[in-house]
Amino acid sequence: MSARGMLTVVGSAVGGVIGWNAPPPPDPACIRELLAEVGMPAGSPGDDLTEAVRVFQARVGLQTDGVAGPRTVHLLTRYAAERRAWRLDFAA
């Protein structure tokens, strides 16, 4: 994921967590990349992300509405970062 894409996702998540007015919706391409990083590929770019987001939300205990809101994006970002850290630990 590009640095700009990650900043957009993180900014959206942080904005929603600390209570700023409605953050802009995250970029679907970023959500798709994050889902793939956590081991839940969402299919091709033309596919609907709703079901993949619902599956992720169910696995982490969030309300399964299929919307990549601030909490969903926050957890996706967090789990993706943790998986990257694990991969780096094993590579060393």
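Tutor: Two residues are in contact when heavy atoms lie within 4.5 Å. This is a predicted model: local features need pLDDT of at least 70, side-chain atom pairs count only at pLDDT 80 or more, and totals for chains, interfaces and linings use all residues. Numbering runs from 1 along each chain as its sequence is written, and side-chain values use heavy atoms, without hydrogens or water.

Student: Which residues does L76 touch, not counting residues up to four places away in sequence?

Tutor: L76 touches I31, L34, L35, V38 and F56 under that rule.

Student: Which members of the largest nonpolar core touch the most other members?

Tutor: A nonpolar core is a set of buried Ala, Val, Leu, Ile, Met, Phe, Trp, Tyr and Cys residues joined through side-chain atoms within 4.5 Å. Buried means under 20% relative accessible area, exposed over 50%, and partly exposed in between (1.4 Å probe, protein chains only). The largest core here has 15 residues, and I31, L35, V38, L49, F56 and L76 touch the most other members. Helices α2, α3 and α4 each give two or more residues to this core. The most come from α4, with 4 residues.

Student: How are the helices assigned?

Tutor: Helices (H or I, at least four residues) and strands (E, at least two) are DSSP runs, numbered from the N terminus. Here α2 covers residues 28–37 and α4 covers residues 70–91. Helix α3 spans residues 50–60.

Student: Which residues of α3 are buried?

Tutor: They are A52, V53, F56 and Q57. Viewed down the axis of α3, the buried residues fall within an arc of 135°, so they line one face of the helix. The arc is taken over directions from the helix axis to the C-beta atoms. Just after α3, G61 has a positive phi of about 85°.

Student: Where is T72, and what does T72 touch?

Tutor: T72 sits in helix α4. T72 is buried, at a relative accessible area of 4%. Leaving out residues up to four places away in sequence, T72 touches V53, F56, Q57, L62 and V67. The T72 and Q57 side chains are also joined by a polar contact of 2.9 Å. That term means a pair of N or O atoms within 3.5 Å; within protein, one must be able to donate a hydrogen and the other to accept it, and residues adjacent in sequence count only if both atoms are side-chain atoms.

Student: How many salt bridges does the structure hold?

Tutor: Side chains of opposite charge can pair when their charged atoms come close. The test is a side-chain nitrogen of Lys or Arg within 4 Å of a carboxyl oxygen of Asp or Glu. The structure holds 3 such salt bridges. R84 and E37 pair at 2.1 Å, N to O. R84 lies in α4 and E37 in α2, so the pair ties together parts that are 47 residues apart in sequence. R84 is partly exposed at 27%, whereas E37 is buried at 14%.

Student: Which residue pairs with E51, and at what separation?

Tutor: R54 does, with the closest N and O atoms 3.7 Å apart. E51 and R54 are 3 residues apart in α3, about one helical turn. E51 is partly exposed at 48%, and R54 is partly exposed at 33%.

Student: What joins R78 and E82?

Tutor: Their side chains meet in a salt bridge (3.4 Å, N to O). R78 and E82 are 4 residues apart in α4, about one helical turn. R78 is partly exposed at 41%; E82 is partly exposed at 37%.
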